[in-house]
Amino acid sequence: MYEELAPWWPLLSSPAEYEEEAGFYAEALAAACARPPRTVLELGSGGGNNASHLKARFEMVLVEPAAGMLALSRALNPECEHVQGDMRTVRLDRQFDAVFVHDAVAYMTTEADLRMAIDTAFVHCRPGGAALFAPDHIRENFQPSTDHGGHDSQTHGLRYLEWTWDPDPADTTYVVDYAYLLRTPDGAIRVEHDRHVEGLFAREDWLRLLSDAGFEPRPVPVEHSELDAGSYEVFVATRPPR
Ligand SMILES: C[S@@+](CC[C@H](N)C(=O)[O-])C[C@H]1O[C@@H](n2cnc3c(N)ncnc32)[C@H](O)[C@@H]1O
């Protein structure tokens, strides 16, 4: 989806769906910072759906490795600075009032990768600032599930089935299999299977890695109509003032 099928992304996940969620993240970050945040770095910004709402409140720099997703975000968020980069290794040599890492953190599938992403957030976070990490699941709230959805544009349509399951509960990954039905203007339907291997870590592992990096972290349960209340938890981590 993030490479060859990237042009279809807005029909899988539309910016409007992120408004309430983005409002929650903005409030949580603002509450955690020592002073009101103005600059925000997003790591793994994808098509820029969250940023399309957050940019009303913050000056955003968006880091994303996939060229197709960056192009979508540049079109949606022309007023934001975009950087092609990997959340494990990118170094911008500047600090931000806050760092936001949404569902892209799910692509950290080993503890070593997650530690690198957390270190990236720490070095870019100003002392007194905060970072927010929003994994799709942690070990404690993971449930196998199915979902479906999709959207139409004037010319194209997409519908998907999403199947989340864990082949090996003893390791740090789970699998999300997607079946996409992709409708082109002539009415033809193409079918694609897309497998995402995503990271799954226990709350105590998150808190340990965030503390090791120098953050003061706390888990925050999310009650949100778009997300299953009680089954979703984010980590808000403050960087102590010098
Ligand atoms: C579900 S999309 C993010 C959508 C985003 N939350 C939004 O608001 O539009 C996940 C993104 O994570 C990105 N990603 C995967 N591995 C990454 C990495 N190592 N560093 C940064 N981003 C990564 C993918 O390229 C993809 O665009």
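Author: Phe122 is buried, with a relative accessible area of 16%; buried means under 20% relative accessible area, exposed over 50% and partly exposed in between, with a 1.4 Å probe and protein chains only. This is a predicted model, in which local features need pLDDT of at least 70 and side-chain atom pairs count only at pLDDT 80 or more, whereas totals for chains, interfaces and linings use all residues. Residues are numbered from 1 along each chain as its sequence is written, and side-chain values use heavy atoms, with hydrogens and water left out.

Eleven aromatic pairs are found in a search of the whole structure; rings of Phe, Tyr and Trp (its six-membered ring) pair if their centres lie within 6.5 Å, and planes under 30 degrees apart count as stacked, over 60 as edge-to-face and the rest as tilted. One of these pairs joins Phe122 to Phe215 edge-to-face, at 5.0 Å centre to centre with 85° between the planes. Distant parts of the chain are linked by this pair, since Phe122 belongs to helix 5 and Phe215 to the loop between helix 6 and strand 10 (216–221), 93 residues apart. Helices (H or I, at least four residues) and strands (E, at least two) are DSSP runs, numbered from the N terminus. Phe215 also counts as buried, at 3% relative accessibility.

The largest nonpolar core has 31 residues, of which Leu43, Ile118, Phe133, Trp206 and Phe215 touch the most other members. A nonpolar core is a set of buried Ala, Val, Leu, Ile, Met, Phe, Trp, Tyr and Cys residues joined through side-chain atoms within 4.5 Å. Helix 5 gives the most to this core, with five residues.

Trp206 is in contact (heavy atoms within 4.5 Å) with several residues beyond its neighbours within four places in sequence, including Ile118, Phe133 and Phe235. Trp206 and Phe235 are both buried. Their ring centres lie 4.9 Å apart with the planes at 15°, so the pair is stacked. This pair, too, links distant parts of the chain, with Trp206 in helix 6 and Phe235 in strand 11, 29 residues apart.
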